[in-house]
Amino acid sequence: MSLGIDLGTSELKAVLLDVSGAVLTHAGVHLSISRPQAGWSEQNPEDWWQACLTALQQLRQQQPDAYDRVRCIGLSGQMHGAVLLDQGDQLLRPAILWDDSRALAQAHSLGRQYPAFADVTGSLPMAGLTAPKLLWLREHEPQVFSRISCVLSPKDYLRLRLTGERISDVSDAAGTLWLDVRQRDWFEPMLHACGLQLNQMPRLVEGSAASAALSASAASLLGWQQPVVVAGGGGDNPVSAVGIGAIEAGQAFVTLGTSAAMVAITDRVAGMPASAVHSFCHALPQRWYTMGAMLAGASCLRWATHLLGQANEQALLQLVQEELPLTQPAPAATPLFLPYLAGERTPHNDPLLRGGFMNLAYDTTPAMLGYAVLEGVGFGLLDAMSAVQSAGAEVATCSLVGGGARSNYWAQLLANILDREVCTLSGSELSACIGAAKLGFLAYGGGRDYHELLAAGMPIKERFVPVAAQQEALQARYRKFRGLFTAAQALHD
């Protein structure tokens, strides 16, 4: 058995996976976010560890025999966070998360001073990435900064508690802005630009490599008698790719969770920093991925559900489906929605950008607003896909993963907007957990070849083919959507 753990922003999930790729059981524990100031986003890493213990206890209760046969652990997690440790591995402050925008000025400063670094690190400096956060800390919390012995990514804090070792993997490290993505190793000039030294970074391994063994104290706490190896693991997007079988160049998928992204697998570095297109290391050796990222995805639908006083997201989707069926174009009076509730990354790189509705009238209905939100997120993904393709990556058929994949209506609308076949997958909500567990098996080895397990991916649930008759109307609405950007940006200039 392999245990896969995925540390998300809103939930920690865990699965038990057997060597055939079957999920025996899974568990989830909710996590809360602290926002002490506007634009700030933090979590207490101790809460992650307690959630991990709770989830594993649930697995043990549900499948005690399978739990006892765990021989390896894989880790996946939210990227770009900053976990700060002192010399004794004690936390210095709450972790600063990926959607925290306090380091905007520091990101701009890094970009101005070191413009050539973006080609090495695979991305422009952005407030959400890890490096600018450390510059902010050096300026605003110098006492904390002076005590930093190590900076970890979120899931690597769980590894520290499991193994006692400070280790990260190259896919998660790529999201810090401190990695040379071609060499898959730390890039010291960027570390020095942030006032840091190489000895403050964790040791790096590939995601499929063994990183360390479970410590005796953790093994005792978790109830395992046999040795358990912990794989390198990776960031949530690359590990989700492993989960769904997106492991070869040319494969692509859309993630539609709290945030959203268009991800294309490559066999080389293929980014375009000027358009905020990332090129990061995959969780498998000699693989990379090109990504166009949105800061708000399915969370836009959650926001609209609350705003419109609907019981839940499904209730709003039902209204949309009944009033605006996809058998015909949306009426001309339907509003347009800019999905920039938390700013935007690709292609605008503007965390201060904000969303909005346009074309509202007295006869605008909740269903129209719901449709506009679904469409607006789709248009944002079209922006991201165009940028990814401009960087040289291929995007053909797209798998759809994340919470948004539960809606067939949204999947069909995305197929129409992207003009690509979109496939939903059975079990995709657990893709990062499953990918982590697969990496656990690779690290464990045990004399087996797990290539079939890696390539198998997940069974296709449904296929959604673009409807040609919808293209002209959607393209016209997309042109209007694009035309609204300048006005939205002017609101904070």
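The lining of the largest cavity comprises ten nonpolar residues, three polar residues and one charged residue. The structure described here is a predicted model. The volume of this largest cavity is about 100 Å³, and 14 residues line it. Those nearest its centre are Gln-328, Pro-329, Ala-330, Tyr-371 and Gln-470. Two elements, H15 and helix H18 (471-483), each give two or more residues to the lining of the largest cavity.

In total, three cavities of 30 Å³ or more were found in the structure. The second largest cavity holds about 60 Å³ of space. Its lining is formed by Gly-81, Thr-130, Val-151, Leu-152, Ser-153, Asp-156, Ser-168, Ala-173, Thr-176, Trp-178, Trp-186 and Pro-202. Sorted by class, the residues lining the second largest cavity are six nonpolar, five polar and one charged.

Two or more lining residues come from each of strand E16 (252-256), strand E22 (398-401), strand E23 (422-425), helix H17 (451-456) and strand E24 (460-464). Eleven of the residues lining the second largest pocket are nonpolar, five are polar and one is charged.

Helix H15, which contributes to the lining of the largest cavity, spans residues 408-418. Ten of its eleven residues are buried, and the helix is therefore largely enclosed by the rest of the structure. The buried residues of H15 are Tyr-409, Trp-410, Ala-411, Gln-412, Leu-413, Leu-414, Ala-415, Asn-416, Ile-417 and Leu-418.

Helix H14 covers residues 366-390. Gly-392 follows H14 and has a positive phi, near 105°.

No disulfide was found: a search of the whole structure returned zero. Cys-52 takes part in no disulfide, and the nearest cysteine sulfur, that of Cys-433, is 11 Å away. For Cys-433, the closest cysteine sulfur is in turn that of Cys-52, and the 11 Å between them is too far for a bond, because a disulfide requires sulfur atoms within 2.5 Å. With a relative accessibility of 1%, Cys-52 counts as buried. Cys-433 also counts as buried, at 1% relative accessibility.

Ser-41 lies in the loop between strand E3 (23-30) and strand E4 (42-43). Its relative accessibility is 0%, so Ser-41 counts as buried. When residues up to four places away in sequence are left out, Ser-41 touches Ile-33, Ser-34, Arg-35, Ala-95, Ile-96, Leu-97, Asp-99, Asp-100 and Arg-102. A further distance was computed from Ser-41 to Pro-94: these residues are 53 residues apart along the chain, and their C-alpha atoms are separated by 9.6 Å.

Definitions and conventions
Residues numbered from 1 in each chain as written. Predicted model: local features only at pLDDT ≥ 70, side-chain atom pairs only at ≥ 80, totals over all residues. Heavy atoms only, no water. Buried < 20%, exposed > 50% of the residue type's maximum accessible area, 1.4 Å probe, protein only. Helix = DSSP H or I, 4+ residues; strand = E, 2+ residues; numbered from the N terminus. Expected span 1.5 Å × (residues − 1). Nonpolar A, V, L, I, M, F, W, Y, C, P; charged D, E, K, R; others polar. 1 Å grid on protein atoms, 1.4 Å probe; cavity = no way out; pocket = protein on both sides within 12 Å on 5 of 7 lines; lining within 4 Å. Points joined across faces, edges and corners; volume = space filled by probe spheres on them. Contact = heavy atoms within 4.5 Å.
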